[in-house]
Amino acid sequence: MINYDEHRFPFILTFVTLNKVLFKFILACLKPEKIKIYCDFDGTITLNDVWVEMGNVFITDKSAWNNVIYRFESGEIGARECFSAECSLIKNFNIEKFNEIIDRQEIDPYFKEFYSYCNENHIKLIILSEGLDYYIKRVLSNHSLNIPFYSNKLLISDDGKSISLDFPYSDSDCIRCGVSKRNILMNQTADDEISVFIGDGFSDTCAVHYADIVFAKGALASYCWKNNITYFDYRNFLDVLKKIHKLLNLRTIKQRQTARINRRNVYMRG
Ligand SMILES: [Mg+2]
């Protein structure tokens, strides 16, 4: 006589195992790691600092320029005052010449690959820049990149020979930054999202205190090291892509406790 229970047992076991696998798969699909990537522009996406390239061409009084930079780096003046002083040193601005400077800017050789990876994986990528909207837009267009960005705004005089800046994303309580990368990062990241920041320089030093995952090179890496901020060293965007892909696959990506506390302290202060 056939014992049906004996035959049914392995079937039930297989059915339960399959359901468990399916359940885990559905759960993974429903709860993907929600990360948002914030990326600096000059020296991070572009190989050179476009603002500095611009100054090299249009500022003739180099010692006055060096003095402005020194006063900014020593904390004597803030970013907005520094930029305004630099703009006043620019004589005989010429938009055609400026376009030529912009059009010869190269970007990180792996940035396009990184951009495609973000798009394919529905990862939101946002540029936070202390540079100017005019050249960011043009560089992105030159390389067929469609990325939202926050930056300072270039204003050209009626005769086209001088420039000034507008700071639509500054923080009135902070003189250090033209664009408050910290405020944008905090406002754009939901409570259950993980913020990733990629940068290279002085204008990124505030934001890294509030980001969950930091990729740093150059002066920013030194700053993170000195200030005990956990960061991943990178040379180019292939390094960043590989690390993010690995973290997402291992599902070990999570909010950084210190960054969470720093964010909470800002909210508490209002
Ligand atoms: Mg930079």
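Begin by selecting helix H6, residues 111-120, whose buried residues are Phe111, Phe114 and Tyr115. Viewed down the axis of H6, these buried residues fall within an arc of 100 degrees, and they therefore line one face of the helix. Please note that the model on display is predicted.

Next, turn to the other side of H6, where Ser116 and Glu120 are exposed. With both sets of side chains shown, the viewer presents Phe111, Phe114 and Tyr115 as the buried residues, while Ser116 and Glu120 are exposed on the other side.

What lies over the buried residues of H6? Select strand E2 (124-132) and helix H10 (237-250), which are included in what covers them.

Now follow the chain just past the end of H6 and select histidine 122, which takes a positive phi of about 55 degrees.

The tour then moves to strand E1, residues 35-39. How many of the five residues of E1 are buried? Four of them are, and the strand is accordingly described as mostly covered.

Five bridges join E1 to E5, and the two strands run parallel. To locate one point of this pairing, select tyrosine 38, whose bridge partner in E5 is phenylalanine 197.

Methods
Residues are numbered from 1 along each chain as its sequence is written. This is a predicted model: local features need pLDDT of at least 70, side-chain atom pairs count only at pLDDT 80 or more; totals for chains, interfaces and linings use all residues. A residue is buried if 20 or more other C-beta atoms lie within 10 Å of its own, exposed if 12 or fewer, and partly exposed in between; C-beta atoms are placed from the backbone. Helices (H or I, at least four residues) and strands (E, at least two) are DSSP runs, numbered from the N terminus. The arc is that of the directions from the helix axis to the C-beta atoms. Two residues are in contact if their C-beta atoms, placed from the backbone, lie within 7 Å. Two strands pair if DSSP finds at least two bridges between them.
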